[in-house]
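Let's take a walk through this fold together. Have the sequence and the 3D view ready, and follow along as we go.

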Amino acid sequence: IATGTGTRTTESLEKGLKSRRWQSIAHPTCYGRFVPDTEDDKLRDGTYRTSKPNQSFEEWMLQVTTKAVGIEVNVQISEFTLQNHKMMLLSPEILHHSDFSHTRRTALG
């Protein structure tokens, strides 16, 4: 996975973008899941999946499934997650919608 960091402004692009480093989540059930090295250490090493003393299964499941992930790429199921929101491609029909076409022409010139 290759990505860059920065604001993508003209000034930032002239200075050059830094490469973002990705690491696999180091837990046996997380093969194929990658997060940037800027993410929480507990997320990168997989220890966020460890239950706390006296924690119920429901509490543990909530902890594991709603962990505040900034960015994650899961290559097993082709998912990109940004701020706990799964990203997906828009339906091809949206490209032909008049509002979308107008916005694209206006924003992109």
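The largest nonpolar core is made up of six residues: Ile 25, Cys 30, Val 35, Tyr 48, Trp 60 and Val 64. A nonpolar core here is a set of buried Ala, Val, Leu, Ile, Met, Phe, Trp, Tyr and Cys residues joined through side-chain atoms within 4.5 Å. Buried means under 20% relative accessible area, exposed means over 50%, and partly exposed is in between (1.4 Å probe, protein chains only).

A word on where this comes from: it's a predicted model, where local features need pLDDT of at least 70 and side-chain atom pairs count only at pLDDT 80 or more, while totals for chains, interfaces and linings use all residues. Residues are numbered from 1 along each chain as its sequence is written, and side-chain values use heavy atoms, with hydrogens and water left out.

Skipping residues up to four places away in sequence, Trp 60 touches Arg 49, Thr 50, Ser 51 and Gln 55; contact means heavy atoms within 4.5 Å. Trp 60 is also one of the buried residues of helix α3 (residues 57–65), together with Gln 63 and Val 64. Why do they sit on the same side of α3? Because they cover an arc of only 95° around the axis, going by the directions from the helix axis to the C-beta atoms. An α-helix has 3.6 residues a turn, so residues three or four places apart point the same way. Over on the other side of α3, Glu 58, Leu 62 and Thr 65 are exposed.

Next, the sheet. Five strands form an open, antiparallel sheet in the order β3-β4-β5-β6-β7. Its edge strands are β3 (22–24) and β7, each pairing on one side only. Helices (H or I, at least four residues) and strands (E, at least two) are DSSP runs, numbered from the N terminus, and two strands pair if DSSP finds at least two bridges between them.

Find Arg 33 in strand β4 (residues 33–36). Is Arg 33 buried or exposed? At 15% relative accessibility, Arg 33 counts as buried. Beyond its neighbours within four places in sequence, Arg 33 has contacts that include Tyr 48, Glu 72 and Val 73.

Strand β5 (residues 71–74) runs antiparallel to β6 (residues 79–82), with four bridges joining them. The two form a hairpin with four residues between them, and Ser 78 in the turn has a positive phi of about 55°. On to β7 (residues 85–87): three bridges join it to β6, and Phe 80 has Met 87 as its bridge partner there.
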